[in-house]
Amino acid sequence: PLRKSATVYNLSHPYFGIIPTLLLVNLRSVNCWLREHHIGMLAWLGKYSLEIYILHHHAINIVFIRGYPRCNFLAVSVILIFTARLLHNITSVIRHMLLPANEEEKCWQNTVACSVGIMILYAAACILTWAEAVSLGTISTITMIVGILLYQVLMEMTWSDYRGTAPKLKKNQYEDDEEAEEGGTTKVSPPLLATLSIFLLGYALYQSVLTNTSHSCNPNHANKGRWVPLNACLARTQLDRNWNAINYFGPTQCSTLNTTEQWAWPEDTCGFHYHSGSELRQKLQERRIVFIGDSSVRKLYHSFCRFAGDLTAGGYEGTSTSHSDASTSFGSTSLEFKWAPLSVDIITKIKSTKASFSTEREGGPDIIIAGGGVWDKLHLSVTDEDQSSQEETIKTLASELKSTRKMFGASVVWFVPPIINTVALNSDEKRSQISEGNIEEMRRMYHEIGVPQSASFILDGPQFTQDRVSDSFD
């Protein structure tokens with residue numbers, strides 16, 4: 001089971017996990033000397049095992065040293081153990097304050113008070129969810145307010161009794177009750193100062209992230225990778241360390257593959273990396289993604305489907321299905337492809353999507369991926385009148401992309417047509433009308449009119465196909 005996937009291991013663990021535990025207990029009980037001795041370090045860690053178990057779920061995805069998992073594990077483990085020890089000590093103090101020894105009545109009172117407080121917070125969470133007001137700002141504000149109130153209530157209710165009865169705290173360490181009377185300012189100062197410190201620290205960290213992002217990281221850097229030759233059998237850490245790339249080949253494929261090319265970001269400062277199909281589905285839960293465009297966009301749709309888990313997507317297609325709409329879903333994620341070979345078709349499909357949303361027949365898309373232009377060059381660029389009409393159509397397209405972003409609040413991705421392998425086109429008409437030179441003119445026209453600028457993100461086809469032109473075919 002230890003060599004299986006995490007999901008299989010978690011399902012089988014309850015059936016065999018008890019075996020090594022019972023074996024260790026029995027072996028230790030066999031000998032008197034073993035029963036009288038123990039390993040101090042493990043005993044010390046055992047004191048914080050509960051806190052370590054709870055915190056490790058939050059620490060599992062922390063990466064300080066990318067590409068060096070053992071070094072990263074060591075750094076995160078030190079922080080995890082330190083935090084667990086701190087949490088254990090705080091929990092111990094609060095437990096003695098809320099549940100004082102030999103005072104059953106006060107224990108019941110505090111238990112009821114805590115239960116009521118939890119129900120109030122749960123009700124507040126339900127109200128925020130119902131009002132669609134859940135955001136980082138509201139959560140942070142409520143957390144600070146509740147933290148100050150909780151601190152003040154605990155101090156008022158329990159501290160005077162706790163400081164005289166708590167273990168390892170002697171009463172003579174403090175002044176007498178009469179001498180320890182505190183004013184309102186003294187009572188309120190600690191939580192206010194702590195809140196202010198946390199706020200300033202968080203704001204400084206936020207500004208630091210914004211500064212680093214604005215100077216060194218931009219989403220469009222995703223287009224600035226390159227194809228690198230990778231040995232499919234290299235260790236994952238070596239791929240990550242040298243190329244910022246993660247090997248997606250399985251061990252059975254490794255023995256049959258030699259070297260392949262993978263899109264990677266060797267000089268990336270944004271932390272781009274590949275996501276597995278399960279990660280992709282998890283991150284896109286409850287999302288609707290719409291692809292609108294020609295054959296190139298259709299291939300993006302099929303590639304997305306394969307990556308999400310449908311390995312049969314984009315197989316051999318007959319002419320009856322290749323030029324038509326398609327849709328599928330992966331759990332709560334909805335994927336749609338709308339066939340729109342011409343720019344005017346893209347406009348029509350976008351308008352129909354907006355109309356469906358405005359009449360509440362369906363929810364608006366979260367991401368729209370659109371692209372085209374090649375078919376316009378093939379069929380609608382024969383005369384000067386065609387050219388003039390095409391420019392007006394492209395202006396309308398840019399306007400529709402902008403209005404779509406505002407209407408749905410969705411991310412709109414414009415897919416710039418990839419580089420054309422002119423000699424591989426299968427007819428003289430295509431080689432004449434949609435040669436790479438003509439398509440480059442079309443790309444410049446779209447850019448001058450402002451289509452890419454109207455989108456949230458540009459998927460730069462020429463950038464990731466310029467080194468692979470000979471691989472393409474019609």
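The model is predicted. Its open sheet has six strands in the order S4-S5-S3-S6-S7-S8, and the pairing is mixed. S4 and S8 (457–460) are the edge strands, each pairing on one side only. From one strand to the next, the twist averages 15 degrees.

**Strand S5 and its neighbours**

- Strand S5 covers residues 333–339 and is mostly covered, with six of its seven residues buried.
- On one side, S5 is joined by six bridges to strand S3 (residues 288–293), and these two strands run parallel.
- Within this pairing, Phe291 stands opposite Phe337 of S5.
- S5 also pairs with strand S4 (residues 326–330), here in the antiparallel sense and over five bridges.
- Thr328 has Leu335 of S5 opposite it.
- S4 and S5 form a hairpin with two residues between the strands, and Gly331 in this hairpin takes a positive phi near 65 degrees.
- As background, strands of a sheet pair through backbone hydrogen bonds, in either a parallel or an antiparallel way.

**The S7 and S8 end of the sheet**

- Strand S7 (residues 411–416) pairs with S8 in the parallel sense, over four bridges.
- Trp414 has Ile458, in S8, as its bridge partner.
- S8 is an edge strand, as is S4.

**The helix across the sheet**

- Helix H13 spans residues 295–308 and lies across S3, S4, S5, S6 (367–371), S7 and S8.
- The helix runs at about 160 degrees to S5.

**A nonpolar surface patch**

- Five residues, Ile62, Phe64, Ile65, Tyr68 and Ile79, form a nonpolar patch on the surface.
- Together they have about 450 Å² of accessible area.
- One of them, Ile65, is found in the loop between helix H5 (49–59) and helix H6 (69–98).
- Ile65 counts as partly exposed because its relative accessibility is 34%, a value in between the limits of 20% for buried and 50% for exposed.

**A buried asparagine**

- Asn110 has its place in helix H7 (residues 104–130).
- With a relative accessible area of 4%, Asn110 is buried, because buried means under 20%.
- Asn110 and Leu154 are 44 residues apart along the chain, and 9.7 Å separates their C-alpha atoms.

Definitions and conventions
Residues are numbered from 1 along each chain as its sequence is written. This is a predicted model: local features need pLDDT of at least 70, side-chain atom pairs count only at pLDDT 80 or more; totals for chains, interfaces and linings use all residues. Side-chain values use heavy atoms; hydrogens and water are left out. Buried means under 20% relative accessible area, exposed over 50%, partly exposed in between (1.4 Å probe, protein chains only). Two strands pair if DSSP finds at least two bridges between them. Axes are lines fitted to C-alpha atoms, for helices over the stretch in contact, and angles run from 0 to 180 degrees between N-to-C directions. Contact means heavy atoms within 4.5 Å. Patches are made of residues with over 30% relative accessible area and no salt bridge: like charges are joined within 9 Å, nonpolar side chains (Val, Leu, Ile, Met, Phe, Trp, Tyr) within 5 Å. Accessible areas come from the Shrake-Rupley method with a 1.4 Å probe; for residues, only the protein chains shown count as cover. A salt bridge is a side-chain nitrogen of Lys or Arg within 4 Å of a carboxyl oxygen of Asp or Glu.
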